[in-house]
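Please read the following questions and answers alongside the sequence and the three-dimensional view.

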Amino acid sequence: MMGYEQMNQMTMKTTTMMKNFNKVGPISTPHKKTMRRSVSAIDGGATAAAAGEGDRGQNLETLDLSGMSLASLPASSINLASISKLDLSNNNIQQIPESLVARMLNLWALDLHSNQLKTLPNSIGCLSKLKILNVSGNNLQALPKTIEDCRSLEELNANFNELTLLPDTIGFELTNLTKLSVNSNKLVLLPSSLGHLTSLRVLDARLNCLVSLPEDLENLVNLQVLNVSQNFQHLKTLPYSVGLLISLVELDVSYNGIRVLPDSIGCLRRIQKLSVEGNPLVSPPFEVVEHGLEAVKQYMSEKMTESNNKTPTKKKLWGIGKMVKYKTFHGFSSSPGRSPGRRTGGDRHREEREGFINVSDYRQIDGLASPRHVSLFNPRRLLSPLSTFFSPPRY
């Protein structure tokens, strides 16, 4: 048992430590994970200055400014180069200063969803380490071309905007992109360069005005989910390459104007979910669709086999093969039953009018080219003087 005097000494030591702690202040944390700022601090008041002094030397990883009713994002004493994740969602921000973004050199995640943005700053291309960008729920009509410089970007969410197009060469530059979400916009076409996004796993382009899809989708070898539903009467066909997506697991083409699915759908070996409802389908017919995915795959596969069997094998022809029309250059009519020496005045008049090309000669040459016909196309005949080689052919 501890004696009375010992307990009294421990109490006095504890009191002394608390007094010293109050004088010095709280111990600073060397690595602070998340910093939640108040509106007054962001607006650059005295609180911001004091907070800035306390934050110097610290490694801020996340700055959360969401849901603060901010109308703008003024410069503050925050060291933006030390931020790796910035959340500005659910505010009323209409514009982001160019200079502010250019200072976020170590940013890898930027959340701007649910604001009033009409444009993104061109300096967003300076964010070479950016991996996640969320700009959904704004008023964007286009993405800046400089977004192609964000070559580390893996996820791009631009849902619920007013986008009418995407940068043409976006697929050539953002080769690390794994998820592209552009649903609920006004897109009419997707850029043809999209077929170069070989790392892409999810493509969500539903609720747009798409009239077609790029032809070379087969290059998207890692694509697992493709959703182009609810483009309604605008989307009436699918490219053959849809059936060549070797990793595709889920395909949603529901509520469009599609009448015929491409036969290549039967080649989708990994497909687990196929949604085609809401289309005026003729092929496959409704009675096949209602039996489920496997019935549709089998029907399309059989149709593709049948189509291949009906395609005639092209015969390999050597030489000229079949010439539908040829013209002589000697200026004489070579029509059957009329020799060059029996020309009438009308013939001479026509020859003078037409020059050396006789446009009235139509003949058919079947099979292998015979020497007498080949002689008409002999380079020596075509390139030599008239008097020597442009005489009528001898039969």
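A salt bridge, as the term is used here, is a side-chain nitrogen of Lys or Arg within 4 Å of a carboxyl oxygen of Asp or Glu. The model discussed below is predicted.

Q: How far apart are the closest N and O atoms of R151 and D149?
A: R151 is partly exposed, at 41% relative accessibility, and D149 is likewise partly exposed, at 34%. The two residues form a salt bridge, for which the cut-off is 4 Å, and the closest N and O atoms of R151 and D149 lie apart by 3.7 Å.

Q: In the salt bridge of K145 and E148, which accessibility class does E148 fall into, buried or exposed?
A: The side chains of K145 and E148 meet at 3.4 Å, N to O. K145 has a relative accessible area of 56% and is therefore exposed, the threshold being over 50%. For E148 the relative accessibility is 6%, and because buried means under 20%, the class of E148 is buried.

Q: How many salt bridges does a search of the whole structure find?
A: Side chains of opposite charge can pair when their charged atoms come close. When the whole structure is searched for salt bridges, the number found is six.

Q: Which element gives the largest share of the largest nonpolar core?
A: This core has 71 residues, and the members that touch the most others are L86, L133 and L251. Two or more residues of the core come from each of the elements α4 (98–102) and α7 (293–310). The largest share, three residues, is given by α7.

Q: Which residues does L86 contact, leaving aside neighbours within four places in sequence?
A: L86 is one of the core residues that touch the most other members. Beyond its neighbours within four places in sequence, the contacts of L86 are L63, L65, M104, L107, A109, L110 and D111.

Q: What is the relative accessible area of S136?
A: S136 lies in the loop between β5 and β6. Not counting residues up to four places away in sequence, S136 touches L112, H113, S114, N157, A158, N159, F160 and N161. S136 is buried, with a relative accessible area of 11%.

Q: How far apart in space are A81 and V101, C-alpha to C-alpha?
A: A81 is in the loop between β2 (62–64) and β3 (85–87), and with a relative accessible area of 27% A81 is partly exposed. Residues up to four places away in sequence aside, A81 touches R103 and N106. A81 and V101 are separated by 20 residues in sequence, and in space their C-alpha atoms are apart by 9.8 Å.

Q: What share of the residues in the protein chain is buried?
A: The protein chain holds 11 helices and 11 strands, and its accessible surface comes to about 22800 Å², of which 55% belongs to carbon and sulfur atoms. Of the 395 residues in the chain, the buried share is 39%.

Q: Over which residues is the pLDDT below 50?
A: The mean pLDDT of the protein chain is 76, and 62% of its residues reach 70 or more. Where pLDDT is low, the predicted coordinates should not be read in detail. Stretches with pLDDT below 50 include residues 13–33 and residues 386–391.

How values were computed: Residues are numbered from 1 along each chain as its sequence is written. This is a predicted model: local features need pLDDT of at least 70, side-chain atom pairs count only at pLDDT 80 or more; totals for chains, interfaces and linings use all residues. Side-chain values use heavy atoms; hydrogens and water are left out. A nonpolar core is a set of buried Ala, Val, Leu, Ile, Met, Phe, Trp, Tyr and Cys residues joined through side-chain atoms within 4.5 Å. Buried means under 20% relative accessible area, exposed over 50%, partly exposed in between (1.4 Å probe, protein chains only). Helices (H or I, at least four residues) and strands (E, at least two) are DSSP runs, numbered from the N terminus. Contact means heavy atoms within 4.5 Å. Accessible areas come from the Shrake-Rupley method with a 1.4 Å probe; for residues, only the protein chains shown count as cover. pLDDT is the predictor's confidence in each residue, from 0 to 100.
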